[in-house]
Amino acid sequence: MAEHGAHLTAAGGGEEAPSIFEAVAQDSLMAVLRPALRHVAKVLAESNPGRYGCLWTWFDEIYALLDLLLQQHYLSKCSASFSENFYSLKRTVLGHSKGPCRLASAGLPKQQHWKSLLLLVLIPYLKGKLEKLVSSLREEDEYSIHLPSSAWKRFYRAFLAAYPFVNMAWEGWFLIQQLCYILGKTQHHSPLLRLAGVRLVRLTVDDIQALEKKLVAATASHSIKDQVHAAVKKVLGGVAFSLSTGLSVGVFFLQFLDWWYSSENQETIKSLTALPTPPPPIHLDHGTGSPLLPKLKTVCPLCRKIRNNDTVLSTSGFVFCYRCVYNYVKSHQRCPITGYATELQHLVKLYSPES
């Protein structure tokens, strides 16, 4: 029994290889970080759309750029990604399992380095964009008023129908690779490592000593040019170290946020934080004569006519015609009155007893 369970804590690639728990844990680290930062950007955008709205609009691109800088720093300095270094792991070239391994301070060969960087940053970015596209297509298919042309309709309905199977095949590929890693049939737990031509191993004592010596050598310079160059590198290294330390410390808090905002915990949160509905913003009470707020309460603020098919925005509480507010939110992604960040799923149709 113990012999069969030994594969769970030590992979078959050798004693230096990490366990499946370490490998999966470092994968999940960045998966937790992204949605937590996305929630922070959404809160900032809702609190001040004019100042922080760009963070929400361009979140994927900003996150990809920061991720690129972070992973480039760790790959060049430690031969590992941020999450791999957090768990004291490094990347080594496939086929070097026998003989001495390359020290982490030496970095990866150029080919493996750029492949690793590309797969670490580009694959999550493209996957996130694809998921957002599928979500928007499903919303448009559900809420759209003007039906698209028959050819386009057939295309995106076929795309929506095929996406779950493609995603299942993608996740199944990773699952099969992890099972092979547990059984000791392969040296890598992820297909992306195979594509990059690397595998994960634990940091050795020699690696830690070499990293420390590299840090000390970077600060020992004599000429003015070397001193200025070392000072700039020290400042950049300090910023990178502060960022990495902050991420390392904050990752546990982000995991708590992930649990706090999980769907299973939402009902408990609502019961604990339920408050009365707040009054309308004060500046709107004084501006009732403005063109956006008609005095007659049955008039739509957008088309200035009697509302037809009443629809309320759950983000602000204001009521419009369904057609008017649908077109406006689809184009601007905000409430026309308050400017709060709004999406199509925030439209709620109202039904009177007469209807």
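**Entry 1: the open sheet**

I began at Thr 311, whose bridge partner in E4 is Phe 320. Strands here are DSSP runs of type E with at least two residues, helices are runs of type H or I with at least four, and both are numbered from the N terminus. I noted that the model is predicted: local features need pLDDT of at least 70, side-chain atom pairs count only at pLDDT 80 or more, and totals for chains, interfaces and linings use all residues. Residues are numbered from 1 along each chain as its sequence is written, and side-chain values use heavy atoms, with hydrogens and water left out.

I found that three bridges join strand E3 (residues 310-313) to E4 in an antiparallel arrangement; two strands pair if DSSP finds at least two bridges between them. The open sheet has three strands in the order E4-E3-E5, with antiparallel pairing. Strand E4 (319-321) and E5 are the edge strands, each pairing on one side only. From one strand to the next, the twist averages 40°. Helix H13 packs on this sheet and touches E3, E4 and E5, its direction making about 100° with that of E4. Contact means heavy atoms within 4.5 Å; axes are lines fitted to C-alpha atoms, for helices over the stretch in contact, and angles run from 0 to 180 degrees between N-to-C directions.

I then looked up strand E1 (residues 89-93), where five of the five residues are buried, so the strand is largely enclosed by the rest of the structure. Buried means under 20% relative accessible area, exposed over 50%, and partly exposed in between (1.4 Å probe, protein chains only). Leu 89, Arg 91 and Val 93 point one way from E1, while Lys 90 and Thr 92 point the other way. Five bridges join E1 to strand E2 (residues 198-202), and the two run antiparallel. Leu 89 stands opposite Arg 202 in E2.

**Entry 2: salt bridges**

My search of the whole structure gave ten salt bridges, each a side-chain nitrogen of Lys or Arg within 4 Å of a carboxyl oxygen of Asp or Glu.

Asp 60 pairs with Arg 38 at 2.8 Å between the closest N and O atoms. This pair links helix H4 to helix H2 across 22 residues. Asp 60 is buried at 2% relative accessible area, whereas Arg 38 is partly exposed at 23%. I also recorded a network of salt bridges that links Arg 34, Arg 38, Asp 60, Glu 61, Lys 129 and Lys 132.

**Entry 3: helix H2**

Buried residues in H2 include Ile 20, Leu 29, Arg 34 and Ala 45.

**Entry 4: cysteines and positive phi**

I found zero disulfides, a disulfide being a pair of cysteine sulfur atoms within 2.5 Å. The sulfur of Cys 324 is 3.8 Å from that of Cys 303, the closest cysteine sulfur, and this is too far for a bond.

Ser 79 has a positive phi near 55° and lies in the loop between helix H4 (59-78) and helix H5 (82-86). Ser 79 is buried at 1% relative accessible area. Gln 333 also has a positive phi, of about 55°, but is partly exposed at 43%.
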